[in-house]
Amino acid sequence: MNLRTLLRFTSALRFAPLAVGVALFYFFHTTSLGLRQFSLGYPPSVVATSLEVMYPFAYATAIALGAWESGRLREAEIWQLAPARSQYRIAAQVLWPAVGVAWSLLLLPVVLGFAQERSMPTLQSLPPLLMGMLLCVAHSVIGFIVGCRVKRIVAAPVVAAGAWLAVAMSWTVEPFWWRHILGTFEPIEFGERASAIAILADVLPTCGLAVALLLYGVALHRSIGKLGSAVLAILVFASCSGAGFQLARDWGASAPMARAEVPMTCVGHDPEVCVPDISESMLPSIATQVTTSLTRLQSAGVTESPSLVTDSLPDGRSPRASTSQTWYVDLSRGASAGRLATLIIRAAVRFPCHDPEPELARTVLLWAATKAHQVGEVESGFKEDPFFDEAQRNRLHRRVAAVLSQPEQRQAQWYRRSLVVACDQPGSPS
Amino acid sequence: MHFSTRVGIVGAGVVATVGLSATAALANWSSYISSWTDGDQSRRWADSAYSQVQFKGCFAQYGTTDSVNIQLNRDISGLPDAHYDTKTFTNCFNGSNYWSNGEWTSLPSGNYYFEATKVAQGGSCCLLFVDYVYQDTTSAD
C-alpha cells in the first residue's frame with residue numbers, strides 16, 4: 001500500500017485534529033503554568049512536566065486506534081485476501097499512523113514546553129518521552145490484537161476508557177507500586193533525571209502484555225499450536241509484569257530519581273561558595289552574605305568554618321546532609337525569598353541532634369542572629385509560627401538580652417554549652 | 001533564563017491565578033478548621049521537596065475515636081490528583097495545648113492540599129474542629 005492510499009485508508013488522520021486539540025487544551029490549561037512555576041527551564045523538568053497529564057490520553061489514543069484499525073482490516077477481510085503477505089508487515093503498515101497520532105500527544109506539549117521556557121532538550125531529559133513513545137507502540141499493539149477478536153465499535157471505546165482510567169487513576173490509589181508500573185512519570189526536580197530502574201518498571205508490564213498478545217494472537221498459533229502459544233504468552237506476560245512489580249513494590253509515592261550533572265559556578269576560598277549556573281547572577285550577593293555572616297558568627301564564638309558552601313538546589317527533592325566542611329544550603333531559593341541569612345545561621349548553629357529542645361534552640365538562634373546582624377529576618381520566621389505566641393516571643397527576647405549582657409567570652413561559653421544542653425532534653429512531641 | 005528572573009515569573013503566575021479554583025500561595029500559612037467531615041479539603045499551596053502540616057487543639061463532634069487521617073494531595077488540573085502518604089493525627093485530641101505533626105518528604109514541585117479522609121471513626125459520622133492549623137513549606141524551621 002503506498003503512502004497516499006494508506007493515509008486515505010487510515011482513520012488515525014481523522015482523529016488527529018481531536019488529538020491535537022486535547023494536547024493544546026491541556027498544555028495551555030494545565031501544563032503551561034506548572035512549567036512557569038516550577039521547571040526553572042531545566043530540560044528534564046520541562047519534559048516530565050509537559051508529559052505528566054498527556055500519558056493517559058496518548059495511551060488511550062494508541063490503544064483505541066489500534067483496535068479500530070485492526071477491526072477495519074478484519075471487516076475488510078484483508079487477512080484472507082493476502083495470505084502470502086507477512087501479517088506483521090500488514091499490522092505495522094496500518095498501525096504507524098495510529099502510533100504517530102498518539103506520539104503527537106506527547107511530542108506537541110514537549111515542543112511547546114521548551115519553546116515557552118526558552119530551553120533546549122538534552123539527552124538526559126529524553127527518557128520519559130522515549131518511554132511514552134515506546135508504550136504508545138505497545139498500547140497500539142494491544143489494541144490491535146483486541147480488535148482482531150472484538151467488534152471495533154465495542155473494542156475501541158472500551159480499551160480507550162480502560163487504558164485512560166488505569167493510567168490516570170493510578171496516582172490516586174494505594175499501594176503505591178500501581179503508579180510506578182503503568183507508564184507515567186511525575187514532575188522531575190532541578191538536578192534530577194529519570195532513573196533507568198524507574199523507566200524499566202514502567203515499561204515492563206505493558207510491553208510484556210503487548211509481546212504476549214502478539215505471540216498469541218498473530219503468529220505462533222500457526223507453528224506451535226494454540227496451547228503452546230498461549231502458555232508462552234502467559235509466561236512472557238507473567239515474567240514481565242512480575243519483574244515490574246518486584247522493582248516497584250517497595251517504592252513510596254515517588255519512584256527513585258537519578259542525580260544529574262548540573263554545571264556549577266563557584267567563587268571565593270574558605271569558604272568557596274557555589275550555585276548552579278542558572279543562579280550565577282545572584283552569586284556575588286550570595287557569596288558576600290555568606291562570608292559576612294560567617295565572619296560575624298565566628299568572631300562571636302560560633303566556630304564552624306566550612307571550606308565549601310554549596311547550593312542544595314541541584315539536590316532535587318533529596319537534599320544532602322551538611323558536614324562540618326561542606327554545607328548544603330538552599331542558597332538560590334533562600335536569597336530569592338529573603339531568607340538567606342536565616343539559612344546560613346541555621347547551618348552554622350549545628351546542634352548535635354536532630355530535634356533540640358525548641359525553647360533553648362530558639363534562644364541560641366536568635367542570639368546568633370543578633371551576632372550576625374540579622375535579627376529581623378529570623379524574628380519574622382518566628383512570627384509565622386502560630387504555636388509561638390507573643391508572650392513566648394517576649395520571654396525569648398528577655399532570655400537573649402540576658403545572654404547578650406554578659407561579656408563576649410561568657411556568651412561564647414554559653415553558646416557551646418547550650419548546643420549540648422538543648423540535645424540533652426527531649427525534643428518536640430509528634 | 002536566570003533563577004532570579006524565574007522567581008519573578010513565579011510570583012506573577014501566582015497573582016494571575018487568584019480567583020481560580022486551584023489558587024496557590026508560596027509561603028507558610030495558618031488557619032483553623034470548623035465542621036470538617038470526610039473528604040473536606042484545605043486551601044492550595046505551592047510546595048516542593050518537603051511539607052509539614054500541624055494541628056493544635058482538635059475535637060471531633062459525635063466521634064468515639066480521637067483521631068483524624070490527613071492525606072496530602074498534589075493538584076493536577078483536569079486529571080485525578082496525585083495522592084501521597086496519609087498521616088493519622090491523635091495527639092492534638094488530648095487538649096487545646098496539644099499538637100500533632102505530619103511531615104512529607106521527597107515531594108515533587110506542585111500545588112498541594114490536604115484532605116481529611118477519616119474524621120474519628122469515619123463514614124462522615126463526625127465533625128472536626130481544630131483551633132490552629134499551620135502549614136510549613138520548609139524543613140529549615
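Twelve salt bridges are found over all chains in a search of the whole structure, a salt bridge being a side-chain nitrogen of Lys or Arg within 4 Å of a carboxyl oxygen of Asp or Glu. This is a predicted model, in which local features need pLDDT of at least 70 and side-chain atom pairs count only at pLDDT 80 or more, while totals for chains, interfaces and linings use all residues. Residues are numbered from 1 along each chain as its sequence is written, chains are lettered from A and ligands numbered from 1 in the order in which they are written, and side-chain values use heavy atoms, with hydrogens and water left out.

| Pair | Closest N and O atoms |
|---|---|
| A:Arg152 and A:Glu75 | 3.2 Å |
| A:Arg333 and A:Asp330 | 3.1 Å |
| B:Asp75 and B:Arg44 | 2.9 Å |

The pair of B:Asp75, in strand 4 (residues 68–75), and B:Arg44, in strand 3 (residues 44–61), links distant parts of chain B, 31 residues apart; strands (E, at least two residues) and helices (H or I, at least four) are DSSP runs numbered from the N terminus. Both B:Asp75 and B:Arg44 are buried, where buried means under 20% relative accessible area, exposed over 50% and partly exposed in between (1.4 Å probe, protein chains only).

A:Arg333 is partly exposed at 30%, and A:Asp330 is partly exposed at 23%.

A network of salt bridges links A:Glu52, A:Glu186, A:Glu192, A:Arg317 and B:Arg74.
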